[in-house]
Each structure stands twice: as structure tokens, then as C-alpha cells.
Amino acid sequence: DLAQVAEVEGVNIYAVGGFVRDLLLGVANLDVDVVVEGNAIAFAEALQRQCDCRVRPHEKFVTAVVIFPDGYKLDLASTRTEYYLQPGALPLVEQASLKLDLYRRDFTINTLALALNGPRQGELTDYFGAQRDLHDKALRVLHNLSFVEDPTRMLRAVRFEQRLGFTLGQHTAHLLRSAVQMGFLQRVSASRVLHELVLLLGEPQPGRALARLVELGLLDAISEELRFDDSLQQHFVQAGRAINWYELLPEVAPLEHWPVYFLCLLADLKTTAVERLCQRLGMPQRYRRLFVEQRHEAWPQYHQLERLGQRVEQLCGSELARLLDGLPVELLLLGMARTRHQPVRLAFSRYVTGLRCLRPMLDGRDLQRLGCPAGPLLGTLLRQLRDARLDGQVHTREEELAWVRV
Ligand code: CTP
């Protein structure tokens, strides 16, 4: 096991960071980060000689990922210190003591180390008052330059506040506001900002985090295009409900939550503004397609449903399907979340739960066997057959066969 290998190798190893924090808070966390007082790659290789695992070393940062046969991954890092040449830049790295390693971290609550071997095995090391801050439910940085060195920590602060129900310490809040005012977040690469925003929108109640971003001036710092007010807060709550509802349906594909909330956040932005925003955030192509093109295509459909209001109840299945076919599930959930009309919401849910996946039982080959030649006519016939199913005119294979013959 880990401790034995550490003994043989003559190094001390510690569990650190979020895992230890959550252990003390009684929160489940399977992401164990281990630091090695020495060389993590050499330690990982020693581990590989002793037990059944694979090692992926990362020479530049002297870290390694150990992958066990059941797929479990363990992150190993060498104790290190970091130098920042300029705010927002990635740090230069140098080997260091455990204390210096812990000192480079974002908040005191993330600086606990749990000894995994040696005479101190099972003991906590707390150099920076982490246990006190966990008790006080306070988020504090370790030094005045923390947000300057890594401005993404401002977004992490909001995430931890919301997730753990903690509050920024007074001095830390003051440092954060100054860093916002001095525009440090704008110096960070787009992909790092986006990464943090995605994590924030992936938390269980992202609406509260967004309100906090506004309060701290961070939303403006991310993009001046974005707004978040009470009505968007309502959309976020409704989006949360729509996501929960969707995930309780049988046999649905896994859904990423953040794009649904991001769509809410785009609110009534024009497509050109969304394009600019995606550009600024370095949004990967497949999401850009969802937020720009597919969202643009969904707009007329939403409007049509809204215009119908109460009358959507009278739409037959094939009419509703014609309106909503082709919309990705994220945009269907957005439609559900944004509407103020209950019948429109019900129309979305009727489509998602039933109509969306309804296909005729007969396929193209069946129709060819019945004498329909391959070509456009076959496609038309299949579409009409699907409409007949959507409208409840046929229910069984026999009824479909009879319908085709007519
Ligand atoms: N860290 C940091 N500055 C950052 C990102 C990370 O100082 N911008 C430090 C934190 O102290 C953190 C550790 O690196 O404990 C590991 O980062 P990560 O896995 O992102 O954080 P966790 O605390 O494990 O958070 P989560 O529970 O969200 O995984």
C-alpha cells in the first residue's frame, strides 16, 4: 500500500487540499490529492513496481497520475512552490518543503495535510489556521497577493462560498474587491475563466453564485455583455426544476447542466453579442454551435408557442413535433424554464417525454418489402407514418401495415 511504499522509498506522503477539507466537514470527496515530500514521479514508479497500476508522469510539474485496474485515479504531486512573473500568468515551479507547498494554495481551508505514513501517520498538519476557519465557516486567503497571482481564485471563492455555505473573511473580501477594481480578471486567459465559469454553473444552485458574482463586480469583469437580475434568477430556478425533472425520466442520456444555465444567462442577447461572448471566452466549437446557431434557430419556435398561448393544448402531436424536432435537449429545457405559460411548459414536457423519440415501428426496409421504391417517396411515406403515430392514428405494427396499404 501507499504507506509501505513511502517507507521503503524514505519519503513522507500527505493527503492534502479539498479531500482533507471535506473529510473534516463530513462531505464525501473521492478526489484524493497526495503530495510527496520528494519526487512524485519516482514514488509513482515505485508504486507501480509494487502493485497493479499504471503511471502517467508529467515531467514538467513533477506530478503523476496513478491509475488502478478499477479505473480509480490518484493524483500525486511533489511538494513545490510557485513563482508568478506577472499577474494571471502560469507560475514557475520549484521543489519545496510541505509548508511552502501549502502556502501557495488559494484559501486556508485548503491547506490541511494529513500524514499518510511514518510516525505521524493519521495526524493533521495545520500551518495556517485552517481548522479555525472551517469552524468559523470563513474563506480566507493566505496572503495579500493571492488574487493578484491567480485571479481565477476570485471565482473559486464564490464557488466555495456557495457550495460550503461559507463567507469571505473581511480582509479577503476587501482584497477581492480591489483585485476586481484593478481589472486583474481581464488578464487571465479565456480558457481559465471559462473553466471556472463552467464549474460555477455546474454547482447545485448556480443562481445564488451568479447573484454573488454581480455583487462582487465579477460578472462585469467576465463580460460586460452579461446581466443577471431577479427575473434571470427565476429562470435559473425554473431551469433547475426542468433539469431535475428531465433526469428523473427513464433512459435519458446524461446531461451537462452548465450549458442549460449558460443559455439562461444569455437571456435576450442578440446572436451577434453571443458570438462576441463565445469568442471572448474561447468557447469550444460544439458549445458555440449550441449557443449561437442552434439557439438562433430555436427562437422562432419559442415565439410561435408563446403566441399560441392556451391554444398549444389543441396542437396535435405531429404539429408540435414539427415545431420542436431538431432542437437539442438543452434548448427544450431552456424553453420550459423561460416560459410563463403553463400550457407552453406542458407542451415542451409532452414533446420531451413522448413525441421526441416516437418512431414508426416499420422502417424503410419494411416499406420497400411492401413495394415502395427507394427514393424521396420512401422518405415522405416514413414521415407521414410517423405523423400518424404522433397523432395516435396508429398504435401497433399491424395498424401501421394497414395504414401503409391504404
Ligand atoms: N488551487 C489553488 N489555486 C487555484 C486552483 C487550485 O491554490 N486556482 C489549490 C487549492 O488549494 C486546492 C488544490 O489546488 O485545494 C487542488 O485544486 P482543486 O482540485 O481544483 O480544488 P479542490 O479544493 O479539490 O476543490 P473541489 O472540491 O472543487 O475539487
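I began with strand E4 and strand E5 (residues 73-78), which pair in the antiparallel sense over five bridges. The model is a predicted one. I looked for a facing pair and found Val66 opposite Leu74 in E5. Five residues lie between the strands in the hairpin of E4 and E5, and there Gly71 takes a positive phi near 95 degrees.

Next I went to the other partner. Strand E3 (residues 54-58) also pairs with E4 in the antiparallel sense, over five bridges. Here His58 stands opposite Thr63 in E4. The hairpin of E3 and E4 has four residues between the strands, and Val62 has a positive phi near 50 degrees.

Is E4 (residues 63-67) mostly covered or mostly open? I noted that five of its five residues are buried. I then sorted the directions. Thr63, Val65 and Ile67 point one way from E4, Ala64 and Val66 the other way, and all are buried.

**Helix H14**

I moved to helix H14 (residues 271-281) and listed its buried residues: Ala273, Val274, Leu277, Cys278 and Leu281. Why do they fall on the same side of H14? They cover an arc of only 140 degrees around the axis, so they share one side. I checked what they pack against: H9, helix H11 (218-222), helix H13 (258-266) and H15. After H14 comes Gly282, with a positive phi near 60 degrees.

**Aromatic rings**

I counted aromatic pairs and got 14. I took Tyr287 and Phe291 as a test case: their ring centres are 6.4 Å apart and their planes are at 20 degrees, so the pair is stacked. The cut-off for stacking is under 30 degrees. Both residues lie in helix H15 (residues 285-308), four residues apart, about one turn of the helix. Tyr287 and Phe291 are both buried.

Arg295 lies over the face of Trp299, at 4.6 Å from the ring centre. Arg159 lies over the face of Phe160, at 5.4 Å from the ring centre.

**Salt bridges**

Arg159 turned up again. Glu196 forms a salt bridge with Arg159, with the closest N and O atoms 3.6 Å apart. The two come from distant parts of the chain: Glu196 sits in helix H9 (residues 190-201) and Arg159 in helix H7 (residues 152-164), 37 residues apart.

How many salt bridges does the structure hold? I got 21.

I then opened the pair Arg322 and Asp387, where the closest N and O atoms are 3.4 Å apart. Arg322 lies in helix H16 (residues 317-324) and Asp387 in helix H20 (residues 376-390), so the bridge ties together parts that are 65 residues apart in sequence. Arg322 counts as exposed, at 55% relative accessibility. Asp387 is partly exposed, with a relative accessible area of 21%.

My last entry is Arg132 and Asp133. They form a salt bridge, the closest N and O atoms being 3.1 Å apart. Arg132 is partly exposed at 46% relative accessibility, whereas Asp133 is buried at 0%. I traced the links onward. Arg132, Asp133, Asp136 and Arg140 are linked in a network of salt bridges.

Key:
Residues are numbered from 1 along each chain as its sequence is written. This is a predicted model: local features need pLDDT of at least 70, side-chain atom pairs count only at pLDDT 80 or more; totals for chains, interfaces and linings use all residues. Side-chain values use heavy atoms; hydrogens and water are left out. Rings of Phe, Tyr and Trp (its six-membered ring) pair if their centres lie within 6.5 Å; planes under 30 degrees apart count as stacked, over 60 as edge-to-face and the rest as tilted. Buried means under 20% relative accessible area, exposed over 50%, partly exposed in between (1.4 Å probe, protein chains only). A charge sits over a ring if NZ of Lys or CZ of Arg is within 6 Å of the ring centre and within 35 degrees of the ring normal. A salt bridge is a side-chain nitrogen of Lys or Arg within 4 Å of a carboxyl oxygen of Asp or Glu. The arc is that of the directions from the helix axis to the C-beta atoms. Contact means heavy atoms within 4.5 Å. Two strands pair if DSSP finds at least two bridges between them.
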